[in-house]
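Colleague: Please take me through the assignments in this model and the criteria on which they rest.

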Amino acid sequence: MTSGWRLDAQAAHDALNQLKAATRILMPTHQNVDADSLSSVLALTIALRQHGLEVVPIISDGSLPHALEFLPGASEVLLYTRDEAPEYDMLCLADCSDRTRLGKFYKDDPSRLDGRVPIVNIDHHITNGRFGVVNIVEPSAASATEIIADVLAVWGTVLTREIAQCLLAGIYGDTLGLRTESTTSRTMRTAADLVDAGANPVPIVDALFRLKPKSSVCLWRKALEGVQWTGELIWTELTEETFAECGAQPSEAEGMVNFLAGTEGSRAAAILFANDHGWRISMRSLPVDVDVAAITAEFGGGGHPRAAGVQIEGGEAEKQHFLSRVAELIAEPRVK
Ligand SMILES: [Mn+2]
């Protein structure tokens with residue numbers, strides 16, 4: 001696939017000027033933090049400190065997944081709610097398509113994101129609400145970190161080995177190791193430049209795709225035992241009890257939906273995470289004519305054409321309605 005985007009250099013300059021006006025910048029991850037989110041935050045934190053700014057990185061819903069502990073600087077990140085958020089007069093968000101993506105940090109006090117504290121918004125989701133004073137939104141970029149690599153070049157940031165390692169981890173995380181449809185030649189060139197700057201793909205591949213705790217095997221076994229089909233939708237459900245029985249963290253289920261999405265006879269895959277008000281649903285598709293961003297948008301969710309999510313409120317009836325509606329939407333057009 002060819003590369004279809006070019007960074008708006010003026011927006012990148014504007015972002016740095018905004019950030020320079022702050023006394024302290026708070027940089028929260030999105031909820032269910034993943035490699036792209038945390039790597040974006042860590043790379044920007046190191047970069048902005050290099051430019052003399054005070055930055056506090058914080059994980060917005062309280063837990064750092066074990067698989068992300070290898071990232072340079074990860075051990076210093078605050079964990080909201082274990083740690084108090086400090087005073088701040090600027091927010092810098094990366095990889096957040098909307099403000100509710102900030103999970104508990106948002107829910108505890110939505111006024112935090114009402115714009116009174118200016119927001120610099122860097123993202124690659126097509127559904128991004130452009131809620132910042134500066135918005136750098138490039139839906140053709142494979143990851144937020146791919147955009148940040150270009151932003152740092154405009155800023156004149158010295159690309160240290162630590163920054164390069166974070167950025168490459170973010171790109172690998174969102175592209176499953178340069179394997180997704182979103183991966184362009186540009187993504188690959190950026191990845192290659194990061195390796196030239198000292199990034200090492202080996203620990204990234206090990207941490208993100210190979211090493212796993214025993215609890216993950218327990219969780220995957222239960223999830224696979226529970227696999228069901230609604231039409232051409234393959235899905236399974238995970239409850240908080242299942243996570244507790246296995247001693248597993250929510251992040252340990254992240255790869256499962258990608259695994260299911262490759263199943264012969266399916267057109268889309270879903271994992272339903274039961275919570276106290278319904279289900280958080282993560283969806284994937286392989287066929288290019290199945291747009292899960294559009295499908296989840298019908299229920300108030302969003303994301304990318306091949307990877308998206310949505311929260312369904314209610315009980316068993318709402319769940320069944322969602323499943324059968326999705327099955328209807330993904331059904332292969334029959335040739336007459
Ligand atoms: Mn991302």
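Colleague: What makes both faces of strand S1 (residues 25–28) covered?

Modeller: Ile25 and Met27 on one side, and Leu26 and Pro28 on the other, are all buried. A residue is buried if 20 or more other C-beta atoms, placed from the backbone, lie within 10 Å of its own. Helices (H or I, at least four residues) and strands (E, at least two) are DSSP runs, numbered from the N terminus. The model is predicted: local features need pLDDT of at least 70, side-chain atom pairs count only at pLDDT 80 or more, and totals for chains, interfaces and linings use all residues. Residues are numbered from 1 along each chain as its sequence is written.

Colleague: How do you know that S1 pairs with strand S2 (residues 55–59)?

Modeller: Two strands pair if DSSP finds at least two bridges between them; four join S1 to S2, which run parallel. In S2, valine 56 is the bridge partner of leucine 26.

Colleague: What joins S1 to strand S4 (residues 90–94)?

Modeller: Two bridges join these parallel strands, and methionine 90 in S4 stands opposite isoleucine 25.

Colleague: Why is H2 called roughly parallel to H4?

Modeller: The helices pack at an angle of about 10 degrees, with their axes 9 Å apart. Angles under 35 degrees count as roughly parallel, so H2 is roughly parallel to H4. Axes are lines fitted to C-alpha atoms over the stretch in contact, and angles run from 0 to 180 degrees between N-to-C directions.

Colleague: Which residues of H2 make the contact?

Modeller: Asp36, Ser39, Ser40, Ala43, Leu44 and Ala47.

How values were computed: A residue is buried if 20 or more other C-beta atoms lie within 10 Å of its own, exposed if 12 or fewer, and partly exposed in between; C-beta atoms are placed from the backbone. Angles under 35 degrees count as roughly parallel, over 145 as roughly antiparallel, 65 to 115 as roughly perpendicular and the rest as oblique. Two residues are in contact if their C-beta atoms, placed from the backbone, lie within 7 Å.
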